[in-house]
There are 2 protein chains.
Amino acid sequence: MVFTESTTQSKAPGRRVAIVGGGLVGILAALYFAKRDWNVELFELRKGTRNQASFSQKSINLALSTRGLSALANTGLNLDEIVLNFVIPMKGRMIHLDKGELRSQPYGIFGECIYSVERKALLELLLNTTKKFTNIKIYFQHRMKTCNFDLGLLEFENVAEEIKVRYTADLIIGADGAYSSVRSQLMRVVNMDYHQEYITHAYCELTIPPIIDDKGDLKFAMDPNHLHIWPRHTFMMIALPNLDKSFTCTLFMPNENFDAIKTESELINFFELYFPDTIPLIGEQRLKEYFRNPRGSLISIKSKPYHYRNRAVIIGDAAHCMVPFYGQGMNCGFQDVEILDSIFERFNVTAFRNDDSLDLDLALKEYTKFRHEDAMAICDLAMYNYIEMRSSVVNPWYLIRRKIEGWLHWLFPTIIIPLYTMVSFSTVRYSDAVRRWKWQSLLLNVIGLIIGVVIALLLIFLYKFLCRYI
Amino acid sequence: MVFTESTTQSKAPGRRVAIVGGGLVGILAALYFAKRDWNVELFELRKGTRNQASFSQKSINLALSTRGLSALANTGLNLDEIVLNFVIPMKGRMIHLDKGELRSQPYGIFGECIYSVERKALLELLLNTTKKFTNIKIYFQHRMKTCNFDLGLLEFENVAEEIKVRYTADLIIGADGAYSSVRSQLMRVVNMDYHQEYITHAYCELTIPPIIDDKGDLKFAMDPNHLHIWPRHTFMMIALPNLDKSFTCTLFMPNENFDAIKTESELINFFELYFPDTIPLIGEQRLKEYFRNPRGSLISIKSKPYHYRNRAVIIGDAAHCMVPFYGQGMNCGFQDVEILDSIFERFNVTAFRNDDSLDLDLALKEYTKFRHEDAMAICDLAMYNYIEMRSSVVNPWYLIRRKIEGWLHWLFPTIIIPLYTMVSFSTVRYSDAVRRWKWQSLLLNVIGLIIGVVIALLLIFLYKFLCRYI
């Protein structure tokens, strides 16, 4: 395979960063580095955003929350405000019980919202924003073949022109997702602890189209300001609203349950049994997409370290990939970029010190050290939240506890903070959120125990009193 | 990259198996498949056994025990008897205490031995044995580039002739070690759970040469019939005897301890402090090999599944890689081959049913199902045994417990069996050994508790008796 040197590569002074992967996290990283005056080159296999097919294995809409918004805000480009123009706020979960009854469970007692946003729209916003920077160059249809970190050399196949091209960079960033090639290369040069696990559940996407009202206008078929959940203990379906007034439903279920549904009548029976209220909304005809749409698998990935010397670092799904049940995958990836940037600030990594100085070494080392603990925490929480979503949300004890926690949070907003609030509505470190959650759970259990004992004593006292005087 | 079809590939009728990796496990697999009349092609990157350098990252000698011998015996080629001609039996551990004192701890109470064998000698025996089979063809200096399991297609680089060659096979076996390329390919077609972890300790090999006695003959510098251990709690050194009357020492230690030794005087000081008895044996000059010899890292790998349809299976280190502290890596890999063969027997997988029948599908599925649990168990035990070797072996409680367990084993040889005996001197499933060990530990603890209570009662009774009558 013969590679030719790139002729298009910028010869501007200052450090050069090559970002492999032009997904959401990769493009956000490009913006942050461009703001720091690095020469940014971003490589992506897709043709561009217009190419829908390339997202076929990815979910259509995402839940954007505080961490993601914070990282968008810190670009200094008003992205957090712009994005709010095309999101749909979801103020809570809407639980669809077995018999079709609805229960709204707000996410926060102060009216906090997460936001349903379409992947494609967000990607376009970020891509369009890159045009403001002359120091960002994007190469589409580039497939990375290999890279040499020590030499800062990357070899790509330009699949459009069917040629092989070689680029150089001072720093290589792997933002190339769960099946990251940069990570694979990293594993050759560092002793990487690596864990990947497929859960035994898979998912399939379906659509609830808009309905047409009396005036002929399109309307949402259900309340758009909720994340809808059909919790069925061992499996569940969820639905998020889209701007075109449709909902994207995702059915999460053990593989064997998927395998068991082979015919259209089995499918209808299954939906009649478990999700009867959705059949008129989806429509029997559209329900058959179940057989056409791909069945996605769910992988969880942990790795360490994330970096190699002053040469390379992996971020987003390339470094840590979580199951989607906390809605934090993108938010965590965005926060990776923000944190990497803040560490660059702290270690005084500038675009114009191109000698082999230690600043970048130390910054990347610190990034692994700081971020690994948090990524592990959110990967575990995401796994845990599947049980919460598909089962706990209809458990009376869970509901009582949640209520009490909510009251206490209202009374002592800085002392007792529900886990969901810390994860979704703050930027506190994930690992700190988990530590605090454990501490609060202990406290709540002790308080519960004390209240229980007091009530028991009062009842005994009352009984004795009644026996004596009545 | 242009690949040409192989012109040397056998056109004989019957199924063809391609074994990638000509290490110990790969060659043993070749023998087993050849015996079953398959057309066997084995591909190996080394030049041949003579090429010492290619083993530079592998330990020089290995501990062969019952599982390995059983797999050699079941080839029906007398390999278990032949190998015993060039091994050195080790009947126990020889503990070198801090002050140079020696303590022998036999491995089994019935005089059971494990055997020190040189990797190169065993490899040569296996390689020479392949010559008895006209249906085994070995290709050296072949580096696998890629393979397509569904098509049964393998692409190699013949590094000697600098050409790319393509082979086909009905079944592809990955016996290509911890950094297996076949496993990497497998991860593309199956949802593989995969875990790799580097422990924070590394190793370095040193040599104790033979000594020359009064008559001018070469002699071992220490008792050759023991595995020598210098347990130092957080680190340790071990030594295994070689046929040339030398010992190969391996120093296992946290990376930071290795890093801390930078100069020759620091090295001497370190050895004077922790391994003073070895300095005259190794010799100050030869001790400096510490700085020249590579520092090996220690990786533990678990994966699942091991197979893909009826097309591919990984065995040995490619499937499960353990730290070396139980001396079971090779033994487990050999047992993989024996078990795969027994499952082929059970599922009636023969060399001459080349249609797409289900026999091979079912057999490979059963292999993953049966073997995964055992491989997980021995990977965990190997990790655990590092603590036993470097620390427990000098703990008085451990020694008392071991003695009691030994007596009970002698009294009830089929009821109480020490863990080490089950792992090293039997072919019982590793997972069964662990289950039994846990059950026995519970029993021993209960017995210990009862004995303790009885002794306490007796002492109280004695005290009362003495108080009353004296």
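Me: Given that two strands pair if DSSP finds at least two bridges between them, and that strands (E, at least two residues) and helices (H or I, at least four) are DSSP runs numbered from the N terminus, which residue in β23(B) is the bridge partner of B:I301?

Reply: This is a predicted model, in which local features need pLDDT of at least 70 and side-chain atom pairs count only at pLDDT 80 or more, while totals for chains, interfaces and linings use all residues. Residues are numbered from 1 along each chain as its sequence is written, chains are lettered from A and ligands numbered from 1 in the order in which they are written, and side-chain values use heavy atoms, with hydrogens and water left out. Strand β23 (residues 320–321) of chain B pairs with β20(B) in the antiparallel sense over 2 bridges, and within β23(B) the partner of B:I301 is B:C321.

Me: Which residue in β20(B) stands opposite B:H195?

Reply: Strand β14 (residues 193–208) of chain B runs antiparallel to β20(B), and 8 bridges join the two. In β20(B), the residue opposite B:H195 is B:K302.

Me: How many of the 9 residues of strand β20 of chain B are buried?

Reply: Buried here means under 20% relative accessible area, exposed means over 50%, and partly exposed lies in between (1.4 Å probe, protein chains only). Strand β20 (residues 296–304) of chain B is largely enclosed by the rest of the structure, because the number of its 9 residues that are buried is 7.

Me: In the open sheet of 3 strands in chain B, what is the average twist from one strand to the next?

Reply: The strands follow the order β4-β8-β5 (chain B) with antiparallel pairing. Since β4 (61–64) and β5 (88–90) of chain B each have a single partner strand, they stand at the edges, and one side of each is left without a neighbour in the sheet. From one strand to the next, the twist averages 35°.

Me: At about what angle to β4(B) does helix α11 of chain B run?

Reply: Strand β8 (residues 114–118) of chain B runs antiparallel to β4(B) and is joined to it by 4 bridges, with B:A63 opposite B:S116 in β8(B). Angles run from 0 to 180 degrees between N-to-C directions, the axes being lines fitted to C-alpha atoms, for helices over the stretch in contact, where contact means heavy atoms within 4.5 Å. Helix α11 (residues 329–346) of chain B lies across β4 and β8 of chain B, and its angle to β4(B) is about 60°.

Me: How many residues apart in sequence are the parts that B:K145 and B:E157 tie together?

Reply: A salt bridge is a side-chain nitrogen of Lys or Arg within 4 Å of a carboxyl oxygen of Asp or Glu, and B:K145 forms one with B:E157, the closest N and O atoms being 3.6 Å apart. Because B:K145 lies in strand β10 (residues 142–148) of chain B and B:E157 in strand β11 (residues 153–158) of chain B, the separation in sequence of the parts tied together is 12.

Terms used: Pairing = 2+ DSSP bridges.
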